[in-house]
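Work through the exercises below with the model open. Try each task before reading its solution.

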Amino acid sequence: MTSLNIVKAINAGLRRSMENDAKVLVMGEDVGKLGGVFRVTDGLQKDFGEDRVIDTPLAESGIIGTAVGLALRGYRPVCEIQFDGFVFPGYDQIVNQVAKMHYRSGGRLRLPIVIRIPFGGSIGAVEHHSESPEAYFAHTPGLKVVTCSNPLDAYWMIQQAIELDDPVVFFEPKGRYYTKGEVDLDGAADLPLESARVAVPGTDATVVAYGPMVKTCLDAAAAAADDGRSLEVIDLRTLAPLDLRAVYDSVRRTGRLVVVHEAQRTLGIGAEVAARVTEECFYSLEAPVQRVTGYDTPYPPARVEEEYLPGLDRVLDAVDRTFAY
Amino acid sequence: MTVETAAGATPPDPELVQLLTPEGQRVPHERYDALIADITDDDVRALYRDLVLGRRVDGEAVALQRQGELGLWASLLGQEAAQVGSARALRDQDHVFPTYREHAVALCRGVDPVKLLALFRGVDQGSWDSVETRFHLYTIVIGAQTLHATGYAMGIQRDGAIGTGDPDRDAAVIAYFGDGATSQGDVNEAFIWASVVNAPVVFFCQNNQWAISEPLERQTRVPLYRRAAGFGFPGVRVDGNDVLACLAVTREALQRARDGEGPTLVEAFTYRMGAHTTTDDPTRYRLNAELEHWKLKDPIERVKAYMVRGDIADQAFFDSVEQEAEELAVHLRAACRALPDPTPASIFDHVYVEPTPDLVAQREAMSAYLDSFAEEVAR
Ligand SMILES: Cc1ncc(C[n+]2csc(CCOP(=O)(O)OP(=O)(O)O)c2C)c(N)n1
Ligand SMILES: [Mg+2]
């Protein structure tokens with residue numbers, strides 16, 4: 001077992017993928033010599049060379065578009081988008097090209113591209129550095145969208161994403177980058193990529209989250225336990241496709257569901273989860289599904305982001321609401 | 001196999017417009033002398049003051065960030081001459097589209113520097129009046145503002161505010177961007193657009209040699225100013241650490257634009273003497289020797305040397321500017337700390353011209369929720 005934070009865990013996962021498969025490339029702005037602005041790719045260029053770890057020109061459409069060509073040629077590019085808000089210059093390539101190539105070629109062409117995006121807020125940043133754009137991608141057929149919440153998942157999920165022949169948008173919870181955890185670097189992944197995980201079992205209400213909000217919900221569960229209430233927290237891990245088997249199972253036992261994400265509320269992942277749970281577990285529900293999310297505003301200035309972001313108290317408040325019915 | 005890259009393939013220094021040597025010697029220039037023939041000693045002193053105040057605001061902001069008063073700061077250190085020289089070439093009616101680093105341009109346009117601090121403190125996202133100052137909001141998404149500048153210039157065209165010969169009416173737009181930005185699609189589209197419609201816009205690229213950790217050769221194999229030729233408009237490389245040369249070259253470009261002769265690309269060859277931002281650690285990717293080399297070309301020192309050499313200013317003048325900078329710094333420190341945080345409910349303001357029912361409901365829910373804590377405390 002090795003104690004790693006999420007940055008180091010993804011770094012170790014990338015390293016292992018690159019060792020195992022010479023076709024794996026890392027590309028993006030500042031990923032080479034600097035090792036990325038968050039150091040996720042630290043040391044990779046030194047060890048794998050400039051051909052495999054590419055400091056690209058400053059152009060996101062170019063990063064994604066050339067990754068498409070490289071993938072067509074048999075490479076497995078792992079693209080880094082420096083911050084969530086900067087994926088949009090590459091959005092056209094992702095939505096129109098990356099997502100659709102397999103479909104429109106009748107399955108002949110595969111694009112095993114991973115697009116890594118640090119996402120989410122709470123880092124006191126200026127505009128465009130704290131956003132949660134996952135729903136835009138999860139809404140796009142052809143893209144797989146996953147996100148990790150802890151170092152162990154980070155380590156395995158990045159490797160699994162690289163191995164997958166579908167394109168994957170890989171969201172990294174930058175506000176939790178320095179959260180530490182134990183990782184067995186030589187073991188095997190205990191879960192397939194496209195599966196959710198019960199983060200902590202419970203009996204009174206179900207709380208669903210992903211990425212940075214998992215920790216918030218685990219804290220909420222701990223606080224609720226002190227008050228004699230048992231929350232089951234489920235880490236979705238995969239947003240497209242959604243894996244809600246554990247959620248349905250949980251809601252059938254608890255009858256209460258709260259979905260939590262940083263992203264804006266309207267048409268967010270929470271809306272989809274609520275709709276599906278309503279379809280599948282209607283007779284088990286004791287209360288309407290509650291959402292705890294960012295508000296439907298642009299991401300606000302840093303000095304007020306704490307009020308924008310769901311916190312432990314807002315989660316508990318929503319749990320209370322499910323008991324008020 | 002090693003793929004050949006452009007590393008180390010930077011072509012030799014092409015012709016650089018320079019009017020002041022790093023030692024502060026005024027060198028004649030056939031073309032550009034005429035463009036600053038009207039500059040008096042008073043004007044030189046005023047430029048010096050702009051440079052010093054710009055650097056001081058910047059230094060103060062870096063210090064405030066270190067003290068936890070700002071979330072971030074993008075330092076302009078080393079780029080004062082490029083910014084002041086170009087900004088002082090503007091007429092009142094000209095319009096500026098900056099990146100996130102144009103603090104000295106902002107000062108020249110009369111933007112209250114406290115408002116720059118407010119943005120980087122995380123209090124707001126740009127609170128200055130961009131209509132009144134003709135200084136648009138900062139743009140963080142690399143390159144986006146070059147298209148906005150071009151579109152604004154198209155508006156000026158349609159308003160008939162070019163080529164009339166009236167110096168108070170004819171207007172131009174200047175778009176600032178960096179060397180890294182020249183790789184963005186938006187910037188290349190702006191070049192194409194401006195060229196095709198002959199827009200009254202000056203593309204002012206501060207080539208500070210770095211885009212965070214990536215050196216210029218990661219973005220280009222040709223000197224940037226030469227790119228303009230391919231788009232069909234003039235490009236010129238100017239010593240970006242020479243305030244007089246930047247003034248002259250930008251004046252010419254802006255006048256071309258105001259006269260209806262279309263866009264120009266100005267490449268101000270300069271150097272980012274500080275970190276990319278306060279979160280960056282440049283020791284990871286560049287050698288100190290490079291910085292030491294550029295320190296010898298300091299944009300403020302050379303004007304000072306020129307002024308001393310030519311008896312344009314005495315010690316009393318330099319002291320008075322220093323004194324003014326110090327007073328400004330004291331004011332900034334206090335004003336920054338006094339900036340009020342936004343209220344939680346204010347995040348709902350201005351999403352749309354009129355608040356939607358959804359947003360009103362969300363705001364009310366938030367207020368009720370926050371009030372419930374207040375009640376708890378009261379109890
Ligand atoms: C679209 C986009 N991608 C990435 C970034 C992150 N980023 C901020 S500044 C920067 C480098 C910019 O370099 P340059 O254009 O040379 O301007 P400089 O910072 O040197 O003034 C990068 C990559 C961004 N702000 N916007
Ligand atoms: Mg630069």
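**Exercise 1: The chain interface**

In this predicted model, two salt bridges are counted between chain A and chain B.

Task: Describe the interface between chain A and chain B, from its salt bridges to its buried area.

Solution. 
- Step 1. Start with one salt bridge. A:Asp42 pairs with B:Arg284, and their closest N and O atoms are 2.9 Å apart.
- Step 2. Between chain A and chain B, 14 residue pairs are in polar contact, both residues at pLDDT 80 or more.
- Step 3. Find the elements on the chain A side. Helix 11 (305–308) and helix 12 (312–323) of chain A each give two or more residues to the side that touches chain B. Helix 12 of chain A gives the most, with three residues.
- Step 4. Sort that side by class. Its residues are 16 nonpolar, seven polar and 17 charged.
- Step 5. Take the extent. In contact are 40 residues of chain A and 44 residues of chain B. The two chains bury about 3,500 Å² between them, with 57% of it on carbon and sulfur atoms.

**Exercise 2: The ligand site**

Task: Where does ligand 1 lie, and which residues come nearest?

Solution. 
- Step 1. Ligand 1 sits between chains A and B.
- Step 2. List the neighbours. Of 21 residues around ligand 1, the nearest are A:Glu60, B:Tyr100, B:Arg101, B:Ile140 and B:Gly180.
- Step 3. Class the shell. It has eleven nonpolar, six polar and four charged residues.
- Step 4. Check backbone atoms. A backbone N or O atom of B:Ile140 is 2.8 Å from a nitrogen atom of ligand 1. For a polar backbone atom of B:Ile142, the distance to a ligand nitrogen atom is 3.1 Å. A polar backbone atom of B:Ala181 lies 2.9 Å from an oxygen atom of ligand 1.
- Step 5. Judge the cover. On its own, ligand 1 has 580 Å² of accessible area, and the protein covers 96% of it.

Technical notes
Residues numbered from 1 in each chain as written. Chains lettered and ligands numbered in written order. Predicted model: local features only at pLDDT ≥ 70, side-chain atom pairs only at ≥ 80, totals over all residues. Heavy atoms only, no water. Near = heavy atom within 4 Å. Polar contact = N/O pair within 3.5 Å; in protein donor to acceptor, adjacent residues only side chain to side chain. Areas by Shrake-Rupley, 256 points an atom, 1.4 Å probe, with all protein chains shown as cover. Nonpolar A, V, L, I, M, F, W, Y, C, P; charged D, E, K, R; others polar. Contact = heavy atoms within 4.5 Å. Buried area = accessible area lost by both parts, 1.4 Å probe. Salt bridge = Lys/Arg side-chain N within 4 Å of Asp/Glu carboxyl O. Helix = DSSP H or I, 4+ residues; strand = E, 2+ residues; numbered from the N terminus.
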